[in-house]
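Please keep the sequence and the model in view while reading.

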Amino acid sequence: MTNKPVLLVIAHGSRDPRHAATVHALVRRVRCLRPDVRVETGFLDFNVPSVRGVLESLAVQGVRDVVALPLLLTRAFHAKADIPAVLADAPPQLRVRQAEVLGPSPLLLSALERRLYEAGLSPAAKSSTGVVLASAGSTDPEAIAVIAEIAREWRHTGWCAVRPAFASASLPRTQDAVRELRALGCSRVAVAPYVLAPGFLPDRIARGAAEADVLADVLGPAPEVARVVLERYEAARVPALAAVSA
């Protein structure tokens, strides 16, 4: 029995069955990387088990330490409000620490490139390819600013150009960013969905990519994503353990 905190991966949830299947595939990869860590999955909505249900079950089993990791790419409403509210209702015998969201991270940029190359883009074509960094979108200005900054940083790794786009709440839309890159003179245009799992908004991104040359898959269970999950877990559990021993 490990004495490490349980890692509770918190996903948004979706009516689309592909969402939960992708989350579970990612969690399986995390478990393979760290068999010494117990990893559980909870959903905020639509899917089971719920976050509250998992926390209650862990408490009944005698677990005392939990690192709750939001399976989110930006620190927007769910990370700032929804998840803290659910964790605040955790059974009192649990010590729960909320880890940081996954993004931004250089590993996620590596995962985006992995998906582009898997979709058929040649690494040799990088300098002549414009990329649309297509995210779900948010009403949170901090989250939008982070996406814009990621696009700027990614551009400096050798792409012809990189433009952010959003499937909801913010502009531009994917199709508009594709056309902008065409107008800039990029030889080809690729769309890289900066989303973790399939669903309604990723499908909207895909429709907006109709005029692009390459459409990458969602990040899903890419090995780089699993590594970021574990980085966030370690960063959260070390202060938690220090506090317990103090």
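## Salt bridges between charged side chains

A salt bridge is here a side-chain nitrogen of Lys or Arg lying within 4 Å of a carboxyl oxygen of Asp or Glu. The model is a predicted one, and the structure holds 21 salt bridges in that sense. One of them pairs the side chains of Asp16 and Arg18, with a distance of 2.6 Å from N to O. Asp16 is buried, because its relative accessibility is 17% and the limit for that class is under 20%, whereas Arg18, with a relative accessible area of 37%, is partly exposed.

A further salt bridge brings together the side chains of Arg52 and Asp89, at 3.3 Å from N to O. Arg52 belongs to helix 2 (residues 51-60) and Asp89 to the loop between helix 3 (77-88) and strand 4 (95-98), so this pair ties together parts that are 37 residues apart in sequence. The two partners fall into separate accessibility classes: Arg52 is partly exposed, with a relative accessible area of 37%, while Asp89 counts as exposed at 52%.

Asp65 and Arg95 also form a salt bridge, in which the closest N and O atoms are 2.7 Å apart. This pair again links distant parts of the chain, since Asp65 sits in strand 3 (residues 65-70) and Arg95 in strand 4, 30 residues apart. Arg95 has a relative accessible area of 42% and is therefore partly exposed.

The side chain of Arg34 is joined to that of Glu234 by a polar contact of 2.7 Å. Leaving aside residues up to four places away in sequence, Arg34 touches Lys4, Leu230 and Glu234. Although Arg34 and Leu230 are 196 residues apart in sequence, their C-alpha atoms are 8.2 Å apart in space.

Arg237 is located in helix 8 and is likewise buried, with a relative accessibility of 14%. The side chain of Arg237 makes a polar contact with that of Glu234, at 2.9 Å. With residues up to four places away in sequence again left out, Arg237 touches Lys4, Pro5 and Val67.

## Glu224 in helix 8

Helix 8 spans residues 223-245 and includes Glu224, a residue that is buried, with a relative accessible area of 10%. The side chain of Glu224 makes a polar contact with the side chain of Arg114, at 3.0 Å. Apart from residues up to four places away in sequence, Glu224 touches Leu107, Ser110, Ala111 and Arg114.

## The largest pocket

The largest pocket has a volume of about 880 Å³. It is lined by 36 residues, of which His12, Leu72, His78, Ala136 and Leu201 are the closest to its centre. The elements that give two or more residues to this lining are helix 1, helix 3, helix 5 (141-155) and helix 7 (200-208).

## Cysteines

A disulfide is a covalent bond between the sulfur atoms of two cysteines. How many disulfides does the structure hold? The number is 0. As for individual cysteines, Cys160 is partly exposed at 26% relative accessibility, whereas Cys186 is buried at 7%.

## Backbone features in two loops

Where does the backbone call for a second look? In the loop between strand 2 and helix 2, which holds Pro49, a cis peptide bond joins Val48 and Pro49, with omega at about 5°. Phe46 is found in the loop between strand 2 and helix 2 as well, and has a positive phi of about 70° although it is not a glycine. At 42% relative accessibility, Phe46 counts as partly exposed.

The loop between strand 6 (161-166) and helix 6 (174-184) contains Pro172, which is joined to Leu171 by a cis peptide bond with omega of about 5°. Ala169 lies in the loop between strand 6 and helix 6 too, and its phi is near 70°, a positive value in a residue other than glycine. Ala169 counts as exposed, because its relative accessibility is 53% and the limit for that class is over 50%.

How values were computed. Residues numbered from 1 in each chain as written. Predicted model: local features only at pLDDT ≥ 70, side-chain atom pairs only at ≥ 80, totals over all residues. Heavy atoms only, no water. Helix = DSSP H or I, 4+ residues; strand = E, 2+ residues; numbered from the N terminus. Buried < 20%, exposed > 50% of the residue type's maximum accessible area, 1.4 Å probe, protein only. Polar contact = N/O pair within 3.5 Å; in protein donor to acceptor, adjacent residues only side chain to side chain. Contact = heavy atoms within 4.5 Å. Disulfide = S-S within 2.5 Å. 1 Å grid on protein atoms, 1.4 Å probe; cavity = no way out; pocket = protein on both sides within 12 Å on 5 of 7 lines; lining within 4 Å. Points joined across faces, edges and corners; volume = space filled by probe spheres on them.
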